[in-house]
Amino acid sequence: MSNRNKRKKKQREERAFLEVEREREQTLRLRKPTTKQRMLYFFIGLIMTSLPTYLFYSIYEMDLLKSLPLFGFVSVICSIILSMGYHNVSFFLKHRLLKKTGVNFQKKRTKKKVAGGEREERQKKQLESTITTQAVSLSLLYNSLFFLVIVLIFAFYITWIFQAPANYILSLSVASSIVTYISSTKIQ
């Protein structure tokens, strides 16, 4: 009798362990951005980091042609950093929305596929796609606005003492780093 109870207890523990492993694998799958998402994050980040170029060209009177390599290099580096922040917030929101909707995406293996099961699977995929789109859109909006506000604060209030090229480099690099750092601390 005690051996039977021990065996049942061991089986329950193994099932619980496997369930935790499946959840961890699902979380890791959601954590990795797709190539399409990476390209979107980089492209939007490049646009957002290029917007302050006009600010420094018109207000700080930086020469556009002489400063083009500086603008390009800083914009590309900061857009890479900013794209990491986009993904962090997107992952956080997607995970939170999936939990809120209560959708279970674990696939159950059965010998026969029932028509209702296939329809349910399609609905789950459609819901996951909708949630992903919402999370990515909100992430882009939130991080872009946050980035631009930080750039303006740094450009006009904190680093205004420096010359225009140094101000540009500091404003954009610090703003993109702050956005990515804050978005990564949300996840933990």
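This is a short talk on the predicted model of one protein chain, going from its overall layout to a few side-chain details.

Okay, hi everyone. Two bits of housekeeping. The model is predicted, so local features need pLDDT of at least 70 and side-chain atom pairs count only at pLDDT 80 or more, while totals for chains, interfaces and linings use all residues. Residues are numbered from 1 along each chain as its sequence is written, and side-chain values use heavy atoms, with hydrogens and water left out.

Let's start with the overall layout. Of the 188 residues, 30% count as buried, where buried means under 20% relative accessible area, exposed over 50%, and partly exposed in between, using a 1.4 Å probe and protein chains only. Now contacts, meaning heavy atoms within 4.5 Å. Among contacts with a separation of 6 or more, 83% come from residues 24 or more positions apart.

How confident is the predictor? That's pLDDT, its confidence in each residue, from 0 to 100. The mean for the chain is 83, and 85% of residues reach 70 or more. Which helix has the lowest confidence, and which the highest? Helix α1, residues 2–31, is lowest with a mean of 72, and α2 is highest at 92. Then there's the stretch 107–112, where pLDDT stays under 50 and the model has one contact beyond four places in sequence. Where pLDDT is low, the predicted coordinates should not be read in detail.

An unreviewed UniProt entry carries the annotation "transmembrane region" for residues 39–57, 69–89 and 140–162. UniProt positions are given in the numbering used here, feature names are shortened, and annotations may be inferred rather than shown by experiment. In the model, residues 39–57 are 100% helix and 0% strand, with end C-alpha atoms 27 Å apart. For residues 140–162, the span is 83% helix and 0% strand, and the end C-alpha atoms lie 30 Å apart.

On to the inside. A nonpolar core is a set of buried Ala, Val, Leu, Ile, Met, Phe, Trp, Tyr and Cys residues joined through side-chain atoms within 4.5 Å. The largest one has 22 residues, and F56, L82, Y86, F147, Y168 and L172 touch the most other members. Helices α2, α3, α4 and α5 (164–187) each supply at least two residues of this core. The largest share, seven residues, comes from α4.

Next, the rings. Rings of Phe, Tyr and Trp (its six-membered ring) pair if their centres lie within 6.5 Å; planes under 30 degrees apart count as stacked, over 60 as edge-to-face, and the rest as tilted. How many aromatic pairs does the structure hold? Six. One of them is Y41 with Y86, a tilted pair at 6.2 Å centre to centre and 35° between the planes. This pair links distant parts of the chain, with Y41 in α2 (residues 35–58) and Y86 in α3 (residues 68–101), 45 residues apart. Y41 is buried at 2% relative accessible area, and Y86 is buried at 0%.

Another pair is F56 with Y60, which is stacked: 5.0 Å centre to centre, 20° between the planes. F56 is buried at 0%, whereas Y60 is partly exposed at 23%. Ring pairs also join F56, Y60, F71, F156 and Y168 into a cluster. Leaving aside neighbours within four places in sequence, F56 contacts E61, M62, A155, A164, N167, Y168 and S171.

A quick stop in helix α4, where S144 sits. S144 is buried at 7%, and it touches I44, M48 and Y86, not counting residues up to four places away.

Last topic: charges. Side chains of opposite charge can pair when their charged atoms come close. A salt bridge here is a side-chain nitrogen of Lys or Arg within 4 Å of a carboxyl oxygen of Asp or Glu, and the count by this rule is one. That's E120 with K124, with the closest N and O atoms 3.7 Å apart. Why can these two reach each other along the helix? They're four residues apart in α4 (residues 115–158), so about one helical turn separates them. E120 is partly exposed, at 45%.

Terms used. pLDDT is the predictor's confidence in each residue, from 0 to 100.
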